[in-house]
Amino acid sequence: MAYHSFLLEPISCHAWNKDRTQIALCPNNHEVHIYRKDGAKWSKVHELKEHNGQVTGIDWAPESNRLVTCGTDRNAYVWTLKGNAWKPTLVILRINRAARCVKWSPRENKFAVGSGSRLISICYFEQENDWWVCKHIKKPIRSTVLSLDWHPNNVLLAAGSCDFKCRIFSAYIKEVEERPSPTPWGSKMPFGELMFESSSSCGWVHSICFSASGTRVAWVSHDSTLCLADASKRMAVTSLCTETLPLLAVTFITENSLVAAGHDCCPMLFTYEESQGVLTFGGKLDVPKQSSQRGLTARERFQNLDKKASSDTANATLDTLHKNSISQISVLAGGKANCSQFCTTGMDGGMSIWDVKSLESALKDLKIK
Amino acid sequence: MARSTLSSRFRRLDIDQYDENRFVEEPEEAAAAEPDAGPEVEALLRQGDALRAFHTAIRSSPANMKSQAMKEQAQGTMLKVLTSFKSSEIEQAVNSLDRNGVDLLMKYIYKGFEKPTENSSAILLQWHEKALAVGGLGSIVRVLTARKTV
């Protein structure tokens, strides 16, 4: 596990480039900083200053090497690298509240922005006018859209929002692509069509993720639950009430295993048993360092008893790698089908890279299917 | 100009109700009137079978109860059951519940905290400790985020 502390402030969002040598992140202000790996150190190479509000979402298109950023100033910018500088292009999203999340589609010909205006803006480039144009998906979203993920067919989009539901929409834009072929989620996919809607859970949906094949979608919500919908089982939803604090980010690492992290500051493994349609908790993935156990003197013991009414100091310090909530997980190597490395960033300003193989060998009971 | 800026009459108007896109709760189907399990539970308590009384009270609390009176009745029954347990028996009772039962028990415990009577808080704290050991912090988060209260 490699941990690097970038800042003392939370990292609002991050994105990696294609060969994972550069990371773009927002240091909790209006800018985007790009760092490049120099051996063992990270050095800042670019500062992107265009937004007037906090940058809430960054996505880096691996093939076309373009960045898209969105912020609380209700704007999105598409950045292209010209020479040694990143040049922004404004995208008018036509929203009247902050933008919250942004994702390039798999073929990188469009991107989706979720916002507090209770709608999703699907933006594509119009060649004749040399301008980014957007279309809105409004119904039946009732509150802020917090998270988005694209299906591998470039058309279906999963959205998790604050109205306690997870939905899958069709974001088919006829100007940039051909008709999609039928999927397990449905065959008719006109723009804005609602393909799937989960029943109400009791928490805001913080993060949502399609599996690599696109037949499964998983989401985590604020009532400490993790849910999964399987299109091959007629969109049956199975949920797991966890014993931890709410999770904020989730991703698939194989078709059957998920890694999620949140306010408990450490990533956790979950497994989906397809035959029974059941989600189970697989274990915490943080290997705490074996700190030397200092014996408590009698005086310290009495002080603890006086201050905290207990002489047990087990929960005094956080022994996880991240010292504050983890807000985002991204897959670095292997894709969502066979992930071998993933990265977490959090509110402690740190970024940590986790290696799946060494986790498997370090934690004996871990089974990643 | 000073007069209009000082006037705060507009503050009495709830402008969100005029927003055409406002969030309205989905209409819940009203659950059929559940037979009140109160007398049955009390009979079991008098016989001294606290564990069965506990399970009956947990089973008979539908989440869709609409009327406040019925909810208060169920809370009162539940509180009677919880206070009639001996400290040593609490752990066994908690272990006999499934995940949903533990969440429901946690909801009742916090509801009981809201209206403390003479001895209720002490015994409720013991229940809380044992329920936390089984349900973890997640069960408390689900009490806080629950839209259908007990």
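The model is predicted, so local features need pLDDT of at least 70 and side-chain atom pairs count only at pLDDT 80 or more, while totals for chains, interfaces and linings use all residues. Residues are numbered from 1 along each chain as its sequence is written, chains are lettered from A and ligands numbered from 1 in the order in which they are written, and side-chain values use heavy atoms, with hydrogens and water left out.

**Interface of chain A and chain B**

Contact is taken as heavy atoms within 4.5 Å. On that basis, 18 residues of chain A are in contact with 18 residues of chain B. The size of an interface is often given as the accessible area lost when the parts come together. Here, buried area is the accessible area (1.4 Å probe) that two parts lose on being put together, summed over both. Chain A and chain B bury about 1400 Å² between them, and carbon and sulfur atoms hold 51% of it. On the chain A side, the residues that lose the most area to chain B are Arg142(A), Cys241(A) and Glu243(A), together 38% of what that side buries.

A salt bridge is a side-chain nitrogen of Lys or Arg within 4 Å of a carboxyl oxygen of Asp or Glu. The count between chain A and chain B is one salt bridge. Glu243(A) forms a salt bridge with Arg99(B), with the closest N and O atoms 2.9 Å apart. A polar contact is a pair of N or O atoms within 3.5 Å; within protein, one must be able to donate a hydrogen and the other to accept it, and residues adjacent in sequence count only if both atoms are side-chain atoms. Eight residue pairs, both members at pLDDT 80 or more, are in polar contact across the interface of chain A and chain B. The side of chain A that touches chain B divides into five nonpolar, seven polar and six charged residues. In this division Ala, Val, Leu, Ile, Met, Phe, Trp, Tyr, Cys and Pro count as nonpolar, Asp, Glu, Lys and Arg as charged, and the others, Gly among them, as polar.

**Chain B**

Helices (H or I, at least four residues) and strands (E, at least two) are DSSP runs, numbered from the N terminus. Chain B has seven helices and zero strands, giving the pattern α-α-α-α-α-α-α along the sequence. A residue is buried under 20% relative accessible area, exposed over 50%, and partly exposed in between (1.4 Å probe, protein chains only). Of the 150 residues of chain B, 34% count as buried. Among contacts in chain B between residues at least 6 apart in sequence, 74% join residues at least 24 apart.

**Salt bridges**

Over all chains the count comes to 15 salt bridges. Side chains of opposite charge can pair when their charged atoms come close. The table gives some of the pairs.

| Pair | Closest N and O atoms |
|---|---|
| Glu47(A) and Lys49(A) | 3.1 Å |
| Arg167(A) and Glu197(A) | 2.7 Å |
| Lys111(B) and Glu114(B) | 3.9 Å |

Arg167(A) in strand 16 and Glu197(A) in strand 17 of chain A are 30 residues apart, and the salt bridge of Arg167(A) with Glu197(A) links distant parts of the chain. Arg167(A) is buried, with a relative accessible area of 2%, whereas Glu197(A) is partly exposed at 34%.

Lys111(B) and Glu114(B) are separated by about one helical turn because they are three residues apart in helix 6 (residues 99–114) of chain B. Glu114(B) is exposed, with a relative accessible area of 52%. Salt bridges that share partners join Glu31(A), Lys44(A), Glu47(A) and Lys49(A) into one network.

**Glu177(A)**

Glu177(A) lies in the loop between strand 16 (166–170) and strand 17 (194–197) of chain A. At 6% relative accessibility, Glu177(A) counts as buried. The side chain of Glu177(A) makes a polar contact with the side chain of Lys110(A) at 2.5 Å and reaches the backbone nitrogen of Ile173(A) at 3.2 Å. Neighbours within four places in sequence aside, Glu177(A) is in contact with residues including Arg107(A), Asn154(A) and Tyr172(A).

**Ala2(A)**

Ala2(A) lies in strand 1 (residues 2–5) of chain A and is partly exposed, with a relative accessible area of 44%. Ala2(A) and Ile353(A) are 351 residues apart in sequence and 5.2 Å apart in space, C-alpha to C-alpha.
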